[in-house]
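Hi everyone, thanks for coming along. Let me put the model up on the screen before I start talking.

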Amino acid sequence: MLTDTRVALPAQPRLDGHRLFTVLLALAAALRVVTMLGYRPVTLYWYDSFTYLDTAVHPAPSATFHPIGYPLLLRALLPFHSVELVAAVQHAIGLATGLLLYAVLRRRSAPGWVAALATVPLLFDASFLRLEHGVLSDTQFIFLVVAGLAVLLWSPKLSVRAAAGAGLLFAAAALTRTIALPLLLLVVLALAVRRVGWRRLAALVVAAALPLTGYAAWYAAHHGRFAISGADGVALWARTMTFADCARIQPPPELARLCPNGTEVDAASEYVWAPGASLNLLPGGRFAHNDLARSFAIEAILAQPLDYLADVVRDTAIAFSWTPIPHPDRTTPAFGFAGGHWELPEQPLIDKVKQEYDPDIRGLSSVSPYADFLIAYQYAAYLRGPFLGLILLLGAYAAVRRPGVALLPWAVAAGLLAGPVAVLDFDHRYVLPVIPVACLAAALAHPRCGISSRM
């Protein structure tokens with residue numbers, strides 16, 4: 001008698017669960033190794049990078065645009081005297097941000113492929129590779145914002161301890177880039193909509209206020225004014241120079257000196273540096289008149305609110321163009337990997353930083369074949385503006401359908417997009433922090449993402 005026996009074949013492995021993300025993370029790490037091999041030593045920007053490095057050696061609150069958060073990271077790496085190590089750490093932070101984004105989505109029960117897909121722009125867009133390879137604060141800022149959101153979204157029921165931890169992370173983000181200050185208000189409002197309770201809101205606010213207040217006191221000891229930044233008024237004044245009409249504003253005599261004087265540039269932010277702009281003609285330098293500039297800007301916005309709003313909307317819309325638009329014209333909005341050698345300018349500050357931080361600081365050079373690969377890669381690996389718009393729309397849909405989980409990241413993404421334009425100007429570099437947060441909100445549109453999971 002024959003017996004029908006069926007032999008079970010071994011199950012074929014699938015790229016689901018954590019496997020797909022593991023593959024993506026490994027590929028993203030390889031791309032970052034190629035970036036470090038292709039461009040030596042790192043990208044250094046005049047004058048931002050050297051100001052950060054100098055502040056790392058001589059910690060002090062800056063009276064201009066750069067708070068202390070990023071210089072503290074650079075100071076932690078100072079004993080190694082290597083800007084290449086700085087880039088390596090930032091590439092690792094980029095990978096860690098992707099891992100954190102994936103982890104919180106899996107925690108919220110997103111399928112593996114959805115969570116992995118949400119990390120793709122952050123891990124593979126060539127703009128993030130360039131950003132991580134430069135001595136700039138943005139990579140640290142992105143990580144802190146994503147970490148703050150991850151803590152708030154980790155569990156359906158927010159604990160007091162988690163709220164306090166998120167407050168500290170957002171405070172650290174604000175001390176890295178001051179645009180996170182209004183984000184704190186957005187976070188509080190979104191949590192209030194979720195009705196998380198006054199104890200949790202208070203824990204977040206107090207935890208955020210403590211380091212910010214301490215920094216403001218330190219700032220006051222150096223500059224005589226209790227503040228986080230000495231450039232907020234200058235930035236807002238520059239924003240108003242694209243529309244301000246003093247015939248309508250009718251400012252008092254002390255503010256009238258800051259009216260537009262006929263100087264024309266191609267972007268609002270350029271007024272900060274334009275030698276002929278009215279603020280820069282006042283004695284003592286632009287930042288010595290920060291309070292005066294703020295007062296003028298507020299008068300201009302109150303007198304011309306629709307003109308202000310129209311300029312903010314117009315410049316924000318640049319983010320959604322298919323072909324990246326230079327803004328201002330002197331910038332390279334995308335596809336910045338190129339072949340060649342770029343010397344550093346002759347500046348005393350650069351010589352000082354070379355002596356004190358890294359004697360091997362030099363101009364950037366491309367190295368074949370790694371740079372050749374990245375030059376070709378960047379044209380395919382770039383998130384076009386309309387796709388960012390679709391991601392934001394999907395996040396908005398998730399925020400409406402699941403406000404308890406998706407409203408917070410979507411509000412932060414919208415704030416990150418419009419905030420810099422509202423207080424100064426549009427910059428393609430400032431759009432990059434929007435992308436991972438918008439992807440987080442969009443991924444939460446999946447029907448399974450309303451509950452918590454143990455992954």
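This is a predicted model: local features need pLDDT of at least 70, side-chain atom pairs count only at pLDDT 80 or more; totals for chains, interfaces and linings use all residues.

Residues are numbered from 1 along each chain as its sequence is written, and side-chain values use heavy atoms, with hydrogens and water left out.

Let's begin with the sheet. It is open, with 3 strands in the order β1-β3-β2 and antiparallel pairing. Strands here are DSSP E runs of at least two residues, and helices are H or I runs of at least four, both numbered from the N terminus; two strands pair if DSSP finds at least two bridges between them. The edge strands, β1 (39-40) and β2 (341-342), each pair on one side only. Between β2 and β3 (residues 364-366) there are 2 bridges, and histidine 341 has serine 365 in β3 as its bridge partner.

Now a helix. α7 covers residues 138-153, which is 16 residues, and spans 22 Å from first C-alpha to last, close to the 22 Å expected at 1.5 Å a residue; the expected span is 1.5 Å times one less than the number of residues. Is α7 enclosed or open? It is largely enclosed by the rest of the structure, because 14 of its 16 residues are buried. For us, buried means under 20% relative accessible area, exposed over 50%, and partly exposed in between, using a 1.4 Å probe and protein chains only.

On to the rings. The structure holds 14 aromatic pairs. One of them joins phenylalanine 65 and tryptophan 273, tilted, at 6.1 Å centre to centre with 55° between the planes. Phe, Tyr and Trp rings (for Trp, the six-membered one) pair if their centres lie within 6.5 Å; planes under 30 degrees apart are stacked, over 60 edge-to-face, and the rest tilted. The two residues sit 208 apart, in the loop between α2 (48-57) and α3 (69-76) and the loop between α13 (253-256) and α14 (290-303) respectively. Phenylalanine 65 is partly exposed at 28%, and tryptophan 273 is partly exposed at 38%.

Last stop: helix α18 (residues 385-401) holds phenylalanine 387, which is partly exposed, at 42% relative accessible area.
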